[in-house]
Amino acid sequence: MPESTGRAGRLTGRRRGRVAAVTAAALSLAVLAGCTSGGDDGPKSAPGSGRQSAGAAAPASAWNREPASVAAVGDSMTRGFDACSVLADCPEVSWATGTDASVDSLALRLLGPAHIRTHSWNHAVSGARIAQLPEQMAAAAKDRPGLVTVMIGANDACRASVDVMTPVEDFRASFEASMRALRSAAPKTQVYVASVPDLHRLWSTGRQHDLVKKIWALGICTSMLGDADDLGEAATARRSAVRDRVMAYNQVLREVCAKDELCRHDGGAVFDYPFTGAQLSTWDWFHPGRAGQARLAEIAYRAVTARDPA
């Protein structure tokens, strides 16, 4: 998910040392969390996971509810960062293309275990912002997938300060460029777009725990989570500005997706989901853990297999 200084795989040496210093303390988050809680030429029939009702009638639209292959683009959330071990990607638990049965990823649900390793690809990069998405999308298009999943934007809001968040107009331009990159090479590929999570809700929940705040103080999503106990006017305005920007990003994702008949937005389902310690990484109380990845997979599967878009 967010790049935050170092949480998306770009920590400086000094900050790696700071993280190591609190690793033992972070392990106790596991207890706290428990208490708070390849390719084809386009859409085809799925290789036979057996999860879709055999007698279901075909939808009236061109949307194929059983795509035969899945490619993923995005950031550390889709790479499973900090879900298995500290400061490391864990793509096997990715909500989009992971092979871990406990997560039951979107690709695993659609393709089944016999096809997931040959018919799914993960092009997401930890730390990525929307400006890097066109390149990822172009790479995904080369796989000729039946479906591409998109989860991006948290890093654009999670910056050192509000002033350097990605402008909304730049966010729109990059997402439109990403869709053009896909369509120029894979015109039949479907797209599922997840909304950016509600970072303000994350702050509101996590700030109740001292250990969580100590870990956030290492530099995780400073624009939202920095000085977590500060309830003064300036800090409140800062957090409101970040939330407003996330909501603006989500509106862009929805609007651009709506212009493409083979694109589905989640309708704000990820933004609305109330992630708690039970679904978050025990290492950073920020990225989804296995349980959080499973929730994201459920949300995506409902959207992809629904008769009508959200």
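Are D104 and R109 buried or exposed? D104 is buried, and R109 is buried too. The model described here is predicted.

## Salt bridges

The structure contains 11 salt bridges. One of them joins D104 to R109, with 3.8 Å between the closest N and O atoms. Both residues of this pair are buried.

D198 and R201 form another salt bridge through their side chains, at 3.8 Å from N to O. D198 has a relative accessibility of 9%, so it counts as buried: the cut-off is under 20%. R201 has a relative accessible area of 26% and is partly exposed.

R207, D210, K213 and D229 are linked by a network of salt bridges. Helix α10 covers residues 210-216. K213 and D210 lie three residues apart in α10, so about one helical turn separates them.

D210 is exposed, at 55% relative accessibility, because the cut-off for exposed is over 50%.

## Packing of α9 and α12

Helix α9 spans residues 199-206, and helix α12 spans residues 233-258. Their axes come within 8 Å and cross at roughly 140°. The two helices are therefore oblique to each other.

Which residues of α9 and α12 meet? From α9 come L199, H200 and W203. From α12 come R239, V242, R243 and V246. The residues of this contact divide into four nonpolar, one polar and two charged.

Strand β1 runs from residue 70 to residue 74. Five of its five residues are buried, so β1 is largely enclosed by the rest of the structure. In a regular strand, side chains alternate between the two faces of the sheet. In β1, V70, A72 and G74 point one way. A71 and V73 point the other way. All of these residues are buried.

β1 pairs with strand β2 (residues 120-122) through three bridges, and the two run parallel. β1 also runs parallel to strand β3 (residues 147-151), joined to β3 by five bridges. What stands opposite A72 in β3? The residue is T149. In β2, the bridge partner of A72 is N122.

Note on methods
Residues are numbered from 1 along each chain as its sequence is written. This is a predicted model: local features need pLDDT of at least 70, side-chain atom pairs count only at pLDDT 80 or more; totals for chains, interfaces and linings use all residues. Side-chain values use heavy atoms; hydrogens and water are left out. Axes are lines fitted to C-alpha atoms, for helices over the stretch in contact, and angles run from 0 to 180 degrees between N-to-C directions. Helices (H or I, at least four residues) and strands (E, at least two) are DSSP runs, numbered from the N terminus. Angles under 35 degrees count as roughly parallel, over 145 as roughly antiparallel, 65 to 115 as roughly perpendicular and the rest as oblique. Contact means heavy atoms within 4.5 Å. Ala, Val, Leu, Ile, Met, Phe, Trp, Tyr, Cys and Pro count as nonpolar, Asp, Glu, Lys and Arg as charged, and the others, Gly among them, as polar. A salt bridge is a side-chain nitrogen of Lys or Arg within 4 Å of a carboxyl oxygen of Asp or Glu. Buried means under 20% relative accessible area, exposed over 50%, partly exposed in between (1.4 Å probe, protein chains only). Two strands pair if DSSP finds at least two bridges between them.
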